[in-house]
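Please read this briefing alongside the sequence and the 3D view. Topics run from the chains to individual residues.

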Amino acid sequence: MSEREQNGNSGCTRRQFLKGGVGVPLAMALAGGMVTVPFLKRADARGFYLRPPGAVDEKRFLGACIRCGKCVNVCPYDSIKLAGPDAGVSIGTPVIRPREEPCYLCPDLPCARACPSGALDSGLQEIEKVRMGTAVIVDRENCLSLRGLRCEVCYSNCPLIDKAITIEARHNERTGVHSIMEPVIHREKCVGCGICEKTCVREKPVIVVQKTPPKLEDHYEF
Amino acid sequence: MPLSRRDFLKASAAAAALAAATGGRLGATEVEAAEGGIRWGKAPCRFCGTGCGVLVGVSNGKIVATKGDPAAPVNKGLNCIKGYFLSKVLYGKDRLTKPLIRKGNRMVEASWAEEMELIASKFKESITKHGPDSVAIFGSGQWTVFEGYAAAKLFKGGIGTNNIEPNARFCMASAVTGFMTTFASDEPMGCYDDLDLGDTYFLWGANMAECHPVLFSRLIDNRLKNPNVKIIDFGTRHTRTSQMADKYIRFNPQTDLALLNGIAHIIVRDKLYDENFIKKHVVFKKGKTNIGYGLEDKFKFADDPKPLTFDEYREFLKPYTPEYVAKLSGVPAKTIEEVAKLYADKSRKVNSLWTMGFNQHVRGTWVNNLVYNVHLLTGKICKPGENPMSLTGQPSACGTAREVGTFTHRLPADMVVTNPEHRAKAAEIWGVDVKKIPEKPTYHATEMFRALDRGDIKVLWVQVTNPFQSAPNLSRYRKGARKGDGRFVIVSDIYPTRSTELADVILPSASWVEKEGFFGNAERRGQQWFKMVDPPGEARNDLWQLMELARRLGHGKLFPYKYPEKEMFEEYRRFTGGGKDLAPYDAYVKARGLRWPYVNGKETLWRYAEGHDPYVKTGEGVKFYKNKANDGRAVIWARPYEPAAEVPDRQYPFWLCTGRVLEHWHTGTMTGRVPELKRAYGAAVCELHPEDAKKLGIKQGGKVKLTSRRGSIVLTADLRGRGKAEKGNVFVAFFDENKLINELCIDAYCPISGEPDYKKCAVKVEKA
């Protein structure tokens with residue numbers, strides 16, 4: 001069974017339905033929510049909701065988002081879905097489930113520009129400044145690249161290749177003549193689009209987008 | 001299917017233990033792993049020419065797992081991501097399982113007997129009406145050695161036509177003619193050990209990071225161990241290889257010819273060459289110039305080699321000053337000087353590695369010659385850790401396509417049909433009248449498809465390849481296949497492809513470990529495997545298909561075998577020897593591959609080198625003993641720079657280059673059936689430089705229309721991908737069956753090798 005089936009597909013992201021106007025998305029989210037329970041649990045497991053590019057701080061976002069579905073409507077990849085009733089206060093807000101469709105970082109960020117409420121920063125111009133979350137290799141044991149295989153699919157498909165993810169080669173002690181090509185994620189560059197999570201070839205992705213941890217203050221100058 | 005690390009180690013240990021217990025024989029039928037009822041057998045990977053060894057796990061008649069073979073010297077248990085998913089490539093849900101015959105626009109199921117009888121009748125009819133040169137077979141560097149050998153024997157020795165070609169003509173032919181013209185023997189002197197032993201590596205038109213992944217990890221490991229190691233990537237596109245190289249040198253397409261002559265110019269100018277080596281081991285020659293591009297049907301070319309003196313060669317190099325070459329290539333003169341000095345540095349062990357950038361080139365043979373020139377001038381050849389090395393793209397481009405004689409002009413083992421002695425030897429081993437083997441080559445691949453289009457070839461059988469996606473100037477040849485008027489196209493494959501859709505008859509084939517096989521990789525390593533599972537439904541081995549046609553055409557006596565694979569291999573071995581010696585079949589059963597020449601129970605790592613190659617006598621040092629016509633010397637060729645067949649102009653201002661990506665292999669017929677690989681890289685995109693895109697109003701993810709004089713295509717623009725197009729260039733991968741980029745490619749080819757140039761044609765780029 002595909003992940004999409006497992007998680008249920010509420011259908012509330014269908015853009016043609018959204019064309020009906022404000023209010024419809026919320027109703028759809030409520031209706032669809034009945035069958036989207038597993039997804040929400042998974043989102044919870046992720047620790048946060050992956051929001052479209054330009055989302056302001058989660059607390060402010062929840063206050064600002066008017067659940068109008070405009071960002072969903074303009075997304076050319078149908079990457080943005082609406083959260084169902086299990087999301088509690090997040091009901092009807094836009095979320096991205098990378099394994100279904102990640103954010104492909106349109107250069108003109110139509111979702112952010114479409115936001116009428118300021119929940120998404122419509123002034124955001126550059127995709128490099130997007131901060132949706134941070135990719136993390138959560139399961140190093142099952143990462144094929146870390147076992148020495150030449151996978152690196154997450155790296156090859158990263159839209160900020162060689163910036164957000166780089167390859168760091170180290171000697172493979174087991175074979176003695178090969179190198180392990182480790183994908184290394186750079187938190188300061190990763191925008192959290194989730195393309196790596198989507199493309200990971202393992203049944204359960206070993207690289208996932210997580211909430212970017214806050215930078216802890218200290219006095220070092222490096 | 002994924003194995004945990006613990007399972008992996010256990011299974012490997014089990015396989016290793018059994019290998020010891022059974023004297024190394026790892027047939028699936030004999031190896032029973034300790035747990036889970038999985039039987040493990042050895043096989044080389046089905047994909048590229050690297051030849052990684054894998055262990056195939058079988059349970060209840062199905063492949064349930066594969067893993068890199070820890071005992072395989074090539075890869076020591078590793079694989080790339082394609083190899084990782086080997087267990088899935090045979091189990092796509094649209095696998096062909098029944099013979100099909102065209103009835104109007106529909107393909108209907110038929111029995112093997114009906115189908116083979118129809119094929120035989122078409123062959124007979126065509127041969128009677130139009131002669132043996134009206135039937136043809138187009139095979140593959142993915143043919144096993146037995147299949148290629150059987151096809152060559154049937155067509156050349158039985159039917160009596162040289163109408164046999166492999167798809168290797170599209171990928172390796174220039175490497176072959178490069179070897180033949182310089183050394184008079186095909187295939188490299190070096191081996192993969194050179195990746196560990198050298199310290200300076202020049203990559204030319206080779207994206208090793210994606211196309212030879214496991215070898216690249218070996219090269220990078222050498223650099224990790226030895227900080228002195230330098231990797232210099234010459235390219236026309238910034239790739240993942242360029243990213244990891246110490247230096248990326250961008251040059252204008254086609255100017256590799258000028259660059260290599262520029263490097264030689266500096267080496268000769270500054271007397272950086274190895275005078276002693278040149279005196280003992282080299283002769284100089286020149287051939288024809290201004291040799292054309294093969295764009296016209298029935299184009300013919302014959303070179304006319306003339307001897308040169310070293311002084312004349314020096315004169316030839318005179319114009320290739322760093323300044324002149326810089327102007328042509330876009331590489332700064334200072335960089336060319338540095339590179340030449342690095343190539344000549346006596347303290348450095350220098351290697352050159354190349355793939356399709358050199359081979360798919362309208363002067364492919366020349367550019368192969370030119371890289372050998374630099375190694376021959378400096379004497380950096382035939383030494384451990386110091387060699388020029390042509391990498392290959394198919395699992396048996398070397399072992400089958402090149403070695404068993406599946407080209408129109410070739411016979412097994414470096415022999416050619418134009419040589420009466422070679423024909424006599426083949427006729428004797430095959431037990432046929434020598435008059436049966438025609439002395440003239442007919443069509444090389446591109447000309448074969450032209451002949452089908454014109455109607456000179458009526459019956460074409462395609463096995464183990466997908467030419468109606470992979471041929472250049474594709475539209476013409478796709479249309480040609482369906483022109484009717486007696487044309488009859490047979491395609492043997494395991495899945496529906498862009499070639500089966502044009503077929504009159506489709507034969508469902510067995511693949512990989514569904515049959516016994518033998519592949520030869522890029523380092524002369526032959527690798528054998530046993531059949532481990534039955535093919536699905538009524539699918540049958542391509543070898544059986546060939547022998548069945550032979551029987552129905554009255555050539556059954558050519559294949560009188562009880563154990564066809566082994567007996568055919570032993571028969572083929574009679575052609576070898578004298579430097580191409582193969583081991584007995586049973587030796588390959590036991591080994592994880594052996595590199596020829598195999599003499600007195602020993603494989604050869606470095607050809608032509610004393611102490612390594614048994615044909616080189618003590619005191620000779622190096623001996624190019626296969627080049628008898630030149631007194632055992634290699635040839636330095638004076639080959640000039642000449643422009644590409646089609647260069648960007650006002651109407652078509654961009655260069656189009658095509659190639660591969662890590663996740664997919666060739667036309668994607670196998671990797672496209674693996675959902676994980678599809679998810680990782682679903683559709684071909686157009687790589688475009690951001691500044692060009694800006695000028696044209698094209699955005700990341702937007703649509704871009706490419707148009708050449710031959711076709712046009714709409715693709716998604718990619719301005720930030722793993723490969724970065726240089727300004728004025730676009731790149732498109734050719735694996736995607738829904739995006740036939742080869743319709744845009746020009747069918748110009750190297751006049752010597754006949755290999756088309758998929759890397760250079762002119763296109764217009766527009767916002768779509």
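A residue is buried if 20 or more other C-beta atoms lie within 10 Å of its own, exposed if 12 or fewer, and partly exposed in between, with C-beta atoms placed from the backbone. By that count, buried residues make up 48% of the 222 residues in chain A. This is a predicted model: local features need pLDDT of at least 70, side-chain atom pairs count only at pLDDT 80 or more, and totals for chains, interfaces and linings use all residues. Residues are numbered from 1 along each chain as its sequence is written, while chains are lettered from A and ligands numbered from 1 in the order in which they are written.

**Chain A**

- Chain A holds nine helices and six strands. Helices (H or I, at least four residues) and strands (E, at least two) are DSSP runs, numbered from the N terminus.
- Two residues are in contact if their C-beta atoms, placed from the backbone, lie within 7 Å. Among contacts in chain A between residues at least 6 apart in sequence, 69% join residues at least 24 apart.
- Chain A is divided into domain 1 (3–129) and domain 2 (134–210). Such bounds come from an automatic or database domain assignment.
- Eleven residues of domain 1 of chain A are in contact with 13 residues of domain 2 of chain A. The domain 1 side of this contact has seven nonpolar, one polar and three charged residues.
- For these classes, Ala, Val, Leu, Ile, Met, Phe, Trp, Tyr, Cys and Pro count as nonpolar, Asp, Glu, Lys and Arg as charged, and the others, Gly among them, as polar.

**The interface of chains A and B**

- On chain B, 30 residues are in contact with 28 residues of chain A.
- Four elements of chain B give two or more residues to this side: helix H2 (81–84), helix H9 (213–225), helix H10 (240–244) and helix H26 (675–680).
- H9(B) supplies the largest share, eight residues.
- The chain B side has eleven nonpolar, six polar and 13 charged residues.

**Helix packing around H11(B)**

- Helix H11 (residues 256–269) of chain B packs with helix H14 (residues 322–329) of chain B at an angle of about 165°, and their axes are 9 Å apart. Axes are lines fitted to C-alpha atoms, for helices over the stretch in contact, and angles run from 0 to 180 degrees between N-to-C directions.
- H11(B) and H14(B) are therefore roughly antiparallel to each other. Angles under 35 degrees count as roughly parallel, over 145 as roughly antiparallel, 65 to 115 as roughly perpendicular and the rest as oblique.
- The crossing of H11(B) and H14(B) is left-handed. A crossing is left-handed if the near helix is turned anticlockwise from the far one by less than a right angle, and right-handed if clockwise.
- From H11(B), Ala258(B), Leu259(B), Gly262(B) and Ile266(B) meet Pro322(B), Val325(B), Leu328(B) and Ser329(B) in H14(B). This contact has six nonpolar, two polar and no charged residues.
- The axes of H11(B) and helix H15 (residues 333–344) of chain B cross at roughly 65° and come within 9 Å. H11(B) and H15(B) are therefore roughly perpendicular to each other.
- H11(B) and H15(B) make a right-handed crossing.
- Residues of H11(B) that meet H15(B) include Leu259(B), Gly262(B) and Ile266(B). The contact of H11(B) with H15(B) has nine nonpolar residues, one polar and one charged.

**The enclosed helix H20(B)**

- Eight of the ten residues of helix H20 (residues 445–454) of chain B are buried, so this helix is largely enclosed by the rest of the structure.
- Among the buried residues are Met448(B), Phe449(B), Arg450(B) and Leu452(B).
- The buried residues of H20(B) pack against elements including strand E6 (135–139), strand E18 (459–463) and helix H22 (474–481) of chain B.

**Two buried residues of chain B**

- Gly364(B) lies in helix H17 (residues 364–378) of chain B. Gly364(B) counts as buried because 30 C-beta neighbours lie inside 10 Å.
- Leaving aside neighbours within four places in sequence, Gly364(B) is in contact with residues including Ser174(B), Phe358(B) and Cys750(B).
- Met547(B) belongs to helix H23 (residues 542–552) of chain B. With 23 C-beta neighbours inside 10 Å, Met547(B) counts as buried.
- Not counting residues up to four places away in sequence, Met547(B) touches Ala150(B), Phe559(B) and Pro564(B).
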